[in-house]
Amino acid sequence: SERSRAERAARRRRESDSGLHRQIQRKIASHRKLPDGEIMMDEMKTSAYCGLFCDACAVFIASKKHDMDALNMIAMKMGTTAEEMVCHGCRSDRVSLHCRACEFKRCASDKQIDFCYQCQEYPCAKLKEFQVKMPHRAELFESLDYLKAHGLAQWREKMKEDYACHACQTINSAYYITCKNCGHMPGNGFVERHLEKIKKHLQIP
């Protein structure tokens, strides 16, 4: 029946996701050297293959705070449930629905690399297409290039500076026009640099 086929397809996707997750966890646990000479287990979990900083993702922030209202709002826009949106970072054991099928994660895992900049095809056409689709990816290539030049530890420090509120140092999403903690505007340096693009995306006049 149609229902049985759908259930089998869903089971195969779960099995595939589980296998990929095991590969990723083995890679994190392997302690392979990064450009700055060391790997940081927890920090790698929120350092995405594509160069995005998971700590500044609205889904990650809401998940970390157990903010079900925020997760429900995001889930409604994505056409899914709050439970399916919960995410603990790109390389963690709990990834949101829309990140489970990430082609860059699978590609990097297959090539046994940690980040897209390490690929011989970087920047590939798929990454370029991905970058231009959403405002929070505006500085994706600058992020990857900085990571390549300075290593994981310095890159993460720079990301924290880019996404921290200037007033209270709370890490805010690229879509938080004002700080979720203290109300300071803009929410962070990234928002300040790309305010008009973000407001257009959010349909804010």
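I counted the salt bridges first, and the structure holds eleven. I keep in mind that this is a predicted model. Side chains of opposite charge can pair when their charged atoms come close.

**Entry: Glu121 and Lys111**

I looked up Glu121 and found a salt bridge to Lys111, with 3.4 Å between the closest N and O atoms. Glu121 sits in the loop between helix H7 (103-111) and helix H8 (125-133), and Lys111 in helix H7, so the pair ties together parts ten residues apart in sequence. I then checked accessibility. Glu121 counts as exposed at 52%. Lys111 has a relative accessible area of 37% and is partly exposed.

**Entry: helix H9**

I turned to Lys160 and Glu157. Their side chains meet in a salt bridge, 3.7 Å from N to O. Both residues lie in helix H9, three residues apart, about one turn of the helix. Lys160 is partly exposed at 29% relative accessibility. Glu157 is also partly exposed, at 44%.

Next I took Asp162 and Lys158. This salt bridge spans 3.0 Å, N to O. Asp162 and Lys158 are about one helical turn apart because four residues separate them in helix H9. Is Asp162 buried or exposed? I read 10% relative accessibility for Asp162; that is under the 20% limit, so Asp162 counts as buried. Lys158 is partly exposed, at 27%.

**Entry: Ser63**

I moved to helix H3 (residues 58-64), where Ser63 is found. Its relative accessible area is 4%, so Ser63 is buried. What lies by its side chain? A polar atom of the Ser63 side chain is 2.8 Å from the backbone oxygen of Val59. The backbone nitrogen of Cys87 lies 2.9 Å from a polar atom of that side chain. I set aside neighbours within four places in sequence and listed the contacts of Ser63: Leu71, Met85, Val86, Cys87 and His88.

**Entry: Thr170**

I ended in the loop between helix H9 (140-163) and helix H10 (189-193), which holds Thr170. Thr170 counts as buried, with 19% relative accessibility. The cut-off for buried is under 20%, so Thr170 falls within it. Which residues does Thr170 contact, leaving aside neighbours within four places in sequence? I noted Tyr163, Ala164, Cys165, Cys179 and Asn181. For Asn181 I also took the C-alpha separation from Thr170: 6.7 Å, with the two residues eleven apart along the chain.

Terms used: Residues numbered from 1 in each chain as written. Predicted model: local features only at pLDDT ≥ 70, side-chain atom pairs only at ≥ 80, totals over all residues. Heavy atoms only, no water. Helix = DSSP H or I, 4+ residues; strand = E, 2+ residues; numbered from the N terminus. Buried < 20%, exposed > 50% of the residue type's maximum accessible area, 1.4 Å probe, protein only. Polar contact = N/O pair within 3.5 Å; in protein donor to acceptor, adjacent residues only side chain to side chain. Contact = heavy atoms within 4.5 Å. Salt bridge = Lys/Arg side-chain N within 4 Å of Asp/Glu carboxyl O.
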